[in-house]
Amino acid sequence: MDNVPAMADVMVTAFEDDPNVKYQFSHATDPKELRCILHRLFMDEIRAGKPFNGMYAAMGEGGVIGGCLTVPSGNLDSWSFNNTLRFVRKFVRHPMPLRTVARLLKTNSWTARKRAEIMGDRDYLYLFAVGASERGKGVGGAHMRHITGIADALGWPMYLENSKQRNLPFYERYGFKTVEAVPVNGAVGAPTLWLMVREAEVRSGR
Ligand SMILES: CC(C)(COP(=O)(O)OP(=O)(O)OC[C@H]1O[C@@H](n2cnc3c(N)ncnc32)[C@H](O)[C@@H]1OP(=O)(O)O)[C@@H](O)C(=O)NCCC(=O)NCCS
């Protein structure tokens, strides 16, 4: 069975109230329109990303209940290029206001610059997104334990951008620390983005 649409649904539910998402797609005043846009984007990010990223689904009795998408730093350029190509192709059928497209492109390059500034030339695991269909039931935590375990086994730090203050204790619980809190694109009135890093834990006895 193809779980990608169900996984995209879960990510849409998780992200439709995300401050950065609402800022990027502020033209979509109808929640249904925002969900459609996000669904297309997550489908692309999951499908286009396949050769470049780690995508994990959490399965419950009724199907997908959580998802997590990570990208190794060495694949970030190819992943992002691939996503942009898909976005441009889809844009023909689903146009968006130019100011939205311009802002998205600006944010892409601004966040890439920030990542490079903070992480330098180290290898790291980028946490692009983690989401649960029902919050507070341990699904997000299970994803975090899985991916931090992979990063630790590789000896790699992890990096993420988060625009929800409420999520800070969740990430801190798994070892992330805020390195910088800045408005998206450095723009006045934009939501705050917390740029967080987690250093690898070296376990003794190996
Ligand atoms: C953040 C998220 C992935 C956590 O997954 P989860 O399955 O709810 O997390 P767990 O059950 O393992 O842990 C609960 C913790 O999540 C955090 N949390 C964030 N938003 C929450 C919410 N609306 N309800 C409950 N917990 C929430 C809290 O820190 C909570 O800890 P607490 O119980 O001490 O308050 C999930 O709430 C979610 O999908 N949020 C929307 C999408 C998002 O913000 N993703 C992260 C940005 S990349």
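Mentor: Val-71 stands opposite Tyr-126 in β3, in a model that is predicted. That pair belongs to the contact between β2 and strand β3, residues 125-132, which run antiparallel and are joined by seven bridges.

On the other flank of the pairing, β2 covers residues 63-72 and meets strand β1, residues 54-60, again in the antiparallel sense and over seven bridges. Met-59 has Val-64 as its bridge partner in β2.

From β3 the pairing goes on to strand β4, residues 158-162, and here the two strands run parallel, with three bridges joining them. Leu-127 is placed opposite Leu-160 in β4. A further pair is formed by β5 and strand β6, residues 192-198, which are antiparallel and joined by six bridges. Within that pair, Thr-178 has Met-196 of β6 as its bridge partner.

Put together, this is an open sheet of six strands in the order β1-β2-β3-β4-β6-β5, and its pairing is mixed. The edge positions go to β1 and to β5, residues 177-183; each has a single partner strand, so one side of each has no neighbour in the sheet. Ignoring direction, neighbouring strands of this sheet are turned against each other by 25 degrees on average.

β3 also matters for the ligand, in a plain count: β3 gives the most to the shell around the ligand, with four residues. That shell has 20 residues, and the closest are Arg-135, Gly-136, Gly-140, Gly-141 and Phe-170. Two or more residues each come from β3, from α1 (4-15), from α6 (139-154) and from α7 (168-173). Sorted by class, the shell around the ligand has eight nonpolar, seven polar and five charged residues.

α1 leads on to the helix packing. Two packed helices are described by the angle between their axes and the distance between the axes. For α1 and helix α3, residues 31-49, the axes are 8 Å apart and the angle is about 130 degrees. Angles of 65 to 115 degrees count as roughly perpendicular and those over 145 as roughly antiparallel, so α1 and α3 are oblique to each other. The crossing in which α1 passes α3 is right-handed.

α3 has another contact, with helix α4, residues 76-91: their axes come within 9 Å and cross at roughly 135 degrees. α3 and α4 are therefore oblique to each other as well, and their crossing is right-handed.

There remains helix α5, residues 98-119. Its 22 residues, at 1.5 Å a residue, should span 32 Å, and the end C-alpha atoms of α5 are 31 Å apart, which agrees. The residue after α5 is Gly-120, which has a positive phi, near 60 degrees.

Conventions
Residues numbered from 1 in each chain as written. Predicted model: local features only at pLDDT ≥ 70, side-chain atom pairs only at ≥ 80, totals over all residues. Pairing = 2+ DSSP bridges. Expected span 1.5 Å × (residues − 1). Near = placed C-beta within 6 Å. Nonpolar A, V, L, I, M, F, W, Y, C, P; charged D, E, K, R; others polar. Axes fitted to C-alpha atoms, helices over the stretch in contact; angles between N-to-C directions. Parallel < 35°, antiparallel > 145°, perpendicular 65-115°, else oblique. Left-handed = near helix turned anticlockwise from the far one by under 90°.
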